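User: I would like a close look at one part of this model, with the cut-offs spelled out as you go. Could you walk me through it in one connected answer?

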Amino acid sequence: MKVLTVANQKGGVGKSTLCCHIAWAAQDEGKRVLVVDMDGQMNTTKTLTELELGLTSSQLFTGSESGPITTESGIGLIGADLETNDVEGLEWDTIHLPAKVIEKFAADYDICIIDTPPNLGRRLFASLIASDCVFTPLELSEYSLQGVGALLETIITVKNKFNSKLKNLGLLPNKVNSRSKSQREVLEALQAKLGNMVLPFHLNNRVAVEDACKVKQPVWKHGKGDSGRKAGKEMRVVVEEVLKRVG
């Protein structure tokens with residue numbers, strides 16, 4: 001089982017939307033998919049299921065004999081609950097526990113996708129320790145770029161101290177307004193500074209993507225009209241390339 005974490009310490013950059021679409025794309029490829037929602041906002045959990053949860057992400061840090069549920073679409077899920085945010089108050093050494101629990105399910109799934117909260121706390125460290133790969137969606141604004149350096153340093157720290165196999169797939173420009181001069185300038189500056197760390201594709205800001213998530217479907221199945229079709233095509237290209245890079 002390959003484990004992929006989607007990470008950014010800023011909220012609203014599209015982590016949950018991408019996690020769900022990567023999961024749906026992997027399922028379309030015939031993979032057995034497990035999703036772990038480490039974000040107490042529970043957006044990924046609510047998008048993927050309305051069922052009662054079994055093992056929750058907070059219990060990854062404290063122990064539980066239960067396991068993932070299978071959602072209505074057949075995806076395995078370790079969902080977030082109200083106690084998920086309380087993990088940040090636990091002892092620091094608990095960051096090693098989720099990897100051990102997730103590993104128990106490695107024979108049952110081909111890929112595990114972890115959605116993370118908008119901070120650099122215990123849940124992010126635990127997710128990176130458990131992962132083979134990580135990538136970062138971000139918006140092209142000066143405000144959203146603040147702290148990206150700290151996230152990259154965190155990834156390096158985890159790789160050097162805790163998880164030598166961790167591979168950083170890079171930064172994905174998301175919710176891009178192609179007509180915005182300021183966003184084009186930010187992208188150019190980002191590419192000049194970080195080079196290949198910026199993935200060679202992006203996702204435009206399209207309402208169809210959020211509309212599809214509201215009805216628990218990938219945008220390539222739900223998108224309507226020209227904009228919806230474009231959104232579906234763009235999303236498929238990105239998530240399939242991410243899956244290819246995960247291996």
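How do the residues of the lining of the largest pocket divide into nonpolar, polar and charged?

Analyst: Happy to take you through it. This is a predicted model, in which local features need pLDDT of at least 70 and side-chain atom pairs count only at pLDDT 80 or more, while totals for chains, interfaces and linings use all residues. Residues are numbered from 1 along each chain as its sequence is written, and side-chain values use heavy atoms, with hydrogens and water left out.

To your question: the lining has 3 nonpolar, 8 polar and 5 charged residues. Here Ala, Val, Leu, Ile, Met, Phe, Trp, Tyr, Cys and Pro count as nonpolar, Asp, Glu, Lys and Arg as charged, and the others, Gly among them, as polar.

The space in this largest pocket comes to about 300 Å³. A pocket is an open set of points on a 1 Å grid over the protein atoms alone, where a 1.4 Å probe fits, with protein on both sides within 12 Å along at least five of seven lines; lining residues have an atom within 4 Å of a point. Grid points are joined across faces, edges and corners, and the volume is the space filled by probe spheres set on the points. There are 16 lining residues, and Gly14, Ser16, Thr17, Asn43 and Glu210 are the closest to the centre.

Which elements contribute? Helix 1 (15–28), helix 2 (43–48) and helix 8 (207–214) each give at least two residues to the lining; helices are DSSP runs (H or I, at least four residues), numbered from the N terminus.

Beyond its neighbours within four places in sequence, Ser16 is in contact (heavy atoms within 4.5 Å) with Asn43, Thr44 and Asp115.

For context, the second largest pocket has a volume of about 180 Å³. Of its 15 lining residues, Asn174, Lys175, Asn204, Val209 and Glu210 lie closest to the centre. Two or more residues of that lining come from each of helix 1, helix 8 and helix 10 (225–246).
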